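Please look over the sequence and structure below before reading the report.

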Amino acid sequence: MAEARQAVAFQFGVTPGGPGVQLSHQAFTEIYLSAVRSWKKRIVRFKNSVLTGVCPASPSSWLFVVVAILATMYTRSDPSMGLIAKIQEHLPVGQSMSTQCQALVSAVLFSTMLWLLLIFTMRLCLKQLLSYHRWIFEPHGRMSNTTKVWVALVRIFSGRKPQLYSYQGSLPNLPVPAIKDTVMRYLASVRPLMDDAHFEHTTELAVEFERGLGNRLQWYLKLKAVLATNYVSDWWEKYVYLRGRGPIMVNSNYYGMDFLYVTPTPIQAARAGNTIHAFFLYRCKLNKEEIKPVSLLSAVPCCSYQFERMFDTCRIPGTLTDTVRHWQDSDYVAVYHRGRYFHLMAYQAGKLLSPREIEFQIQRILDDPSPPSKGEANLGALTAGDRIPWAEARTKYFSSGVNKGSLDCIEKAAFFVTLDDDEQGIIGDDPAASLDSYAKSLMHGKCYDRWFDKSFSVIYYKNGKSGINGEHSWADTPVLSHLWEYTLAIDCFRLGYDAEGHCKGEADSSLPRPQKLDWEIPPECEDQISRSLSVAQALADDVDLHVILFRDFGKGRIKKCRVSPNAFVQMALQLACFREQKTFCLTYESSMTRLFREGRTETVRSCTSESCAFIRALEGGDVRRALRLFHAASEKHQHLSRAAMTGAGVDRHLFCLYVVSQCLGVESPFLREVLSERWRLSTSQTPFQLLELYDMVNHLEYLSCGGGFGPVTDDGYGVSYALLGDAVINFHISCKHSCAHTDAHTFGAHIRKALRDLMQLLSPDPKKPSKTEASRPEVKKDL
């Protein structure tokens, strides 16, 4: 590579006087600036570790305690009750230190120990306070006096300016529910899905498990809860995500969309320039821990540990299990374009490139006429196919030489970038079909033009649209969604573009060109790439994906009906599913458990006896009874959601008990039956978190369509939805063409009708849609 040769610091030459060495001033300058940047990051990390270590206090509070103790000593009183004198007696000093100096040192040591004791006490108090969860079960808008006092105490013990990881040591551990409670909740969840005979059989298995093997397994699980930070998360990551041997494309990875009605610039390189710069700005904030911890009620912190592996992370394939590897602060991104891979530096002389300079570098890649190396064009298909063939190929063909160097470059990159030659968004004569095409492209692309193992990949289309594809094992959707929302906001509202659509500023044309990665791929490896591509292509072709933009009403109207918007949508999904399938099905709804340290998710079993009774009454035409039952079903759903958030779910507990049983080599008919259940309706709400960055009232055109995921079962649906603003609800519906009983568009039509029918039930005389609920044409803006 020409650029690599130019970077050599020492140029050797033979002179008549013997060997000579010519030193490159530019290279030494680069080394010096890189070292300065590295030491700055180390200093920042050290400072952050100190601030986090003393949280909820601050380093300045140490000085306050020392001065207070010295002041009391000056008044000839002893606040230590003799401890300072004891410390003075045991100081390892000789006659070199005066008595007054010894007394001063002893007082400082006592003050420091008192300060640390106060920090420990405050942390213990905060941890106990955060273990209180009755507040979450109180009716919305009606906070009890006890909860008001509790919130005030939490704020007092939380400190003034918490950093991203400040609360990690104060968060409570996820509790292990009692076997009896979990079994009872499980039986209640499956009762509406079973006939009497099946339910009686399941109850017998459950009772036998509860009285026998369950207690033994529970003992091991409680032991793990005492020794580990979280009794679920590591096993969940290992066995649910990393042990899967099928393709992660479609089956595990998920996607997020760009602004729906706004294309900030039609220039592909410019869009990449702004957003790549914004991604690195976010990483700088992440490294400095300047991102505000997510909190509920503006006081109750959520766990932030998932942010740690957002950048510089890759999933590494293995024959038995994959692993997640994280590196420190890669200063480049890996870029794919037309079958070729490039190494693009984001820093020059220790400074982050400006958006205009990144645009300049991206344009160089777009204009590069060089063809792919032999076997390179479809290389990414290895990450889209089955995991075992990819692990074997990686060991055999990518563990040494030039292939290892190029693969390391991709895996260690900050993130992955795809420059796509297609145009996506709401385009053409059929906006609905184009939106579905856009979603499918983000989900799987051409199966070889994404690197599905990276923590996330960003896709830039020819017309300036963009999107993101996330790998699921390292974190859950809300974490990546936080990054994506920030990047879109910075792109449009802070960085902007000039009148021609280019990034603002000037580019340094002397920047080293992006380096094209080299590969030496033998024919045997090409055959494996082809096989992986065939597997991935068959999976991608089978995906039926439909996106709904529902603008008849949003959560604003739903709230006026005194109903939880999420419960309203879940009831609509249950109604739509029943109308299409003519039966009820086991429903998975994802709920977060980040109120606990290292918490991830829990399942809300949204199909309940109450929801089934409501749907039967509504379909039977008994409107008055249906209205009453709807409120009962909605309240039951809210209770289940809150219970899941506070560690009183069903599925994670039973999952961990099953893992323990497998480790002990014992079989449980009850656990085997539970773990074999099929989630024919899998749902998840995409959160919209950074409301301070968006004005959704006056600028509804800056609306993202959220994102989606693939179906969990071959005969089921995957439904992701987002309640954006007060007037829009978006749905991403996925299923498989190969199943004759599912159709994403048909199910979408049922969802639309169910939403309208529920609103008609709750509000018989609905008002006409407001202007903000009307559809808008796509708008292109230059900011």
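The report covers a sheet with the helices on it, then a helix pair.

This is a predicted model, in which local features need pLDDT of at least 70, side-chain atom pairs count only at pLDDT 80 or more, and totals for chains, interfaces and linings use all residues. Residues are numbered from 1 along each chain as its sequence is written, and side-chain values use heavy atoms, without hydrogens and water.

An open sheet of mixed pairing is formed by 8 strands in the order β15-β9-β8-β12-β13-β14-β3-β20. Strands (E, at least two residues) and helices (H or I, at least four) are DSSP runs numbered from the N terminus; two strands pair if DSSP finds at least two bridges between them. β15 (515-516) and β20 (707-709) each have a single partner strand, so one side of each lacks a neighbour in the sheet. β3 (residues 254-257) runs antiparallel to β20, joined by 3 bridges. Tyrosine 254 has phenylalanine 709 of β20 as its bridge partner.

Two helices lie against β8, β9 and β12, with contact meaning heavy atoms within 4.5 Å. Angles run from 0 to 180 degrees between N-to-C directions, and axes are lines fitted to C-alpha atoms, for helices over the stretch in contact.

| α12 (residues 355-367) | β9 (340-345) | about 160° |

Elsewhere, α9 (residues 213-227) packs with α22 (residues 651-664) at about 100°, their axes 9 Å apart. α9 is therefore roughly perpendicular to α22 (65 to 115 degrees). Among the contact residues are Tyr220 of α9 and His653 of α22.

Technical notes:
Parallel < 35°, antiparallel > 145°, perpendicular 65-115°, else oblique.
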